[in-house]
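Work through the following exercises with the sequence and the structure at hand. Each task is followed by a solution in steps.

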Amino acid sequence: MSLWSAVLLAACACAALKAFGYLIPAHLLEAPRPARISDLLTVALLAALVAVQTLGNGQSVVVDARIPAVLVAAGLLYLRQSFLVVVIAAAAVAALLRLIGWAV
Amino acid sequence: MYERREVWREGVGVALATSAYGISFGALAVTSGLDVWQTCVLSVLMFTGGSQFAFVGVLGAGGMAALPSAIASAVLLGVRNLAYGMRMSPIIGSGFWRRSAAAHVTIDESTAVAIAQSSPSLRRLGFWVTGIGVFVGWNLTTLLGALLGDVLGDPKAWGLDAAAAAAFLALLWPRLKQRQAIAVGVAAAVVAASLTPFIMPGLPVLVAAVVAIAVGWFNWFEGEGPAQPTQARGAST
C-alpha cells in the first residue's frame with residue numbers, strides 16, 4: 001500500500017464517519033451501550049498510544065528519555081496547563097536529557 | 001446581543017488554543033515519514049486531531065508495514081465524531097450543503113462549545129464559529145509545523161518522540177473523569193505495552209481497543225453514561 005493511498009483512505013473514512021452521524025436517526029443515541037463503547041474506545045486507543053509512544057521502539061520495549069518527559073507532561077496536565085505547554089515541555093525535557101547525556 | 005458576543009469570544013478562544021498545537025502535529029507528521037502535502041491533506045480532509053496524531057504515531061513507530069494499523073487506529077478514534085454528528089444533527093437544520101459543511105467541522109471543540117450554550121440559535125452560532133475557526137487555524141498551523149519539521153533534522157535530538165507521547169496523554173487527560181474510563185485507560189496501556197515485543201507495531205494499539213469494547217458492552221466498573229465532549233484548553237480536535 002502506498003503512503004498516499006493510506007492517507008486518502010484513512011482521511012475519507014474519518015470524514016465519512018462524521019457524515020454518518022448526520023444521517024443516522026437521533027433516537028439511536030438514546031441507547032447507552034453504543035454511546036458508552038464509543039467513549040471508552042477513545043480512551044483505550046489514546047491510553048494505548050501513550051504506552052506505545054513512551055515505551056515502544058519498533059518491536060521492543062525500551063526505557064529512555066521519553067519516560068521522564070511523559071512524567072513531566074503528566075505533572076503539567078495535573079496543574080491544568082495547556083496542550084501546547086505540555087507538549088513543548090515534554091520535548092524540552094527529552095532533548096535536554098539527551099544533550100547532557102543522562103538518557104538516550 | 002451581549003450573549004452572541006460571548007459565544008463569539010468563546011469560539012474564537014477555543015479556535016486559537018486548538019490551532020496552536022497544529023504546529024506540533026505538522027512537525028510530528030513530517031518526521032514520521034509523511035511529506036508536507038500528505039500532512040496538509042490529513043488536516044484538510046481527515047480534520048480530527050486525535051485520529052491525525054494516531055495515524056502519524058503508528059506510522060512513525062512501525063513504518064510502511066504498519067500502514068493498515070495506522071488507518072485502523074485513525075478510523076476507530078474517529079468513531080466518536082459519529083456520536084457528535086448525531087447530537088448536532090437536529091441543531092444544524094436542513095439543506096444538503098449546510099449539513100455537509102457542518103459534518104466536516106464536527107469535532108470535539110465545535111460540539112463542546114455548541115452544547116454548552118443555552119438556546120438553539122446560540123448553539124448554532126457556537127458550533128459554526130468554533131468549527132470554522134479551528135478548521136482555518138488548524139490547517140494554517142499544520143502547514144507551518146510541517147515546513148518547520150522539514151528543516152529540524154533528527155527528531156529525537158529535539159525530543160519530538162517524547163512530544164508525541166505527551167500529545168496523546170494531553171488528549172487523554174480530560175477524558176479520565178469517571179472510574180470506568182480510568183480503569184479502561186490503565187488496562188489498555190498495560191495490554192498495549194506488554195504486547196509490543198510480540199506482535200507487529202500498530203497492532204498492540206488495536207488489541208487494546210478490545211478492552212474498551214468488552215468493558216463498554218458489559219458495563220463493568222459501572223459507567224454513568226456518555227461523557228460530554230472535552231472542551232476548551234485545546235484538549236483534542
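**Exercise 1. The interface**

Task: Determine how many residues of chain A are in contact with chain B, and describe the side of chain A that touches chain B.

Solution. The model is a predicted one. Step 1: counting contacts gives 69 residues of chain A, which meet 89 residues of chain B. Step 2: the elements of chain A that give two or more residues to this side are α1 (3–23), α2 (32–55), β2 (60–61), α3 (66–78) and α4 (83–99). Step 3: α2(A) supplies the largest share, 23 residues. Step 4: sorted by class, the residues of the side of chain A that touches chain B are 53 nonpolar, 10 polar and six charged.

**Exercise 2. A pair of helices across the interface**

Task: Describe how α1(A) and α7(B), residues 96–104, cross.

Solution. Step 1: the axes of α1(A) and α7(B) come within 8 Å and cross at roughly 130°. Step 2: angles over 145 degrees count as roughly antiparallel and 65 to 115 as roughly perpendicular, the remaining range between them being oblique; α1(A) and α7(B) are therefore oblique to each other. Step 3: the crossing is right-handed. Step 4: α1(A) contributes A:A15, A:K18, A:A19, A:G21 and A:Y22 to the contact, and α7(B) contributes B:R99, B:A103 and B:H104. Step 5: by class, this contact of α1(A) with α7(B) holds four nonpolar, two polar and two charged residues.

**Exercise 3. A pair of helices within chain B**

Task: Describe the packing of α3(B), residues 36–46, and α9(B), residues 120–152.

Solution. Step 1: the axes of α3(B) and α9(B) lie 9 Å apart, at an angle of about 160°. Step 2: this angle makes α3(B) roughly antiparallel to α9(B). Step 3: the crossing of α3(B) and α9(B) is right-handed. Step 4: the contact includes B:V36, B:T39 and B:C40 of α3(B), and B:W138, B:N139 and B:T142 of α9(B). Step 5: seven nonpolar, four polar and one charged residues make up the contact of α3(B) with α9(B).

**Exercise 4. Helix lengths and ends**

Solution. Step 3: just after α9(B), B:G153 takes a positive phi of about 90°, while α4(B) is followed by B:G63, with a positive phi near 70°. Step 4: α4(B) is mostly covered, with 14 of its 14 residues buried.

Key. Residues are numbered from 1 along each chain as its sequence is written. Chains are lettered from A and ligands numbered from 1 in the order in which they are written. This is a predicted model: local features need pLDDT of at least 70, side-chain atom pairs count only at pLDDT 80 or more; totals for chains, interfaces and linings use all residues. Two residues are in contact if their C-beta atoms, placed from the backbone, lie within 7 Å. Helices (H or I, at least four residues) and strands (E, at least two) are DSSP runs, numbered from the N terminus. Ala, Val, Leu, Ile, Met, Phe, Trp, Tyr, Cys and Pro count as nonpolar, Asp, Glu, Lys and Arg as charged, and the others, Gly among them, as polar. A residue is buried if 20 or more other C-beta atoms lie within 10 Å of its own, exposed if 12 or fewer, and partly exposed in between; C-beta atoms are placed from the backbone. Axes are lines fitted to C-alpha atoms, for helices over the stretch in contact, and angles run from 0 to 180 degrees between N-to-C directions. Angles under 35 degrees count as roughly parallel, over 145 as roughly antiparallel, 65 to 115 as roughly perpendicular and the rest as oblique. A crossing is left-handed if the near helix is turned anticlockwise from the far one by less than a right angle, and right-handed if clockwise.
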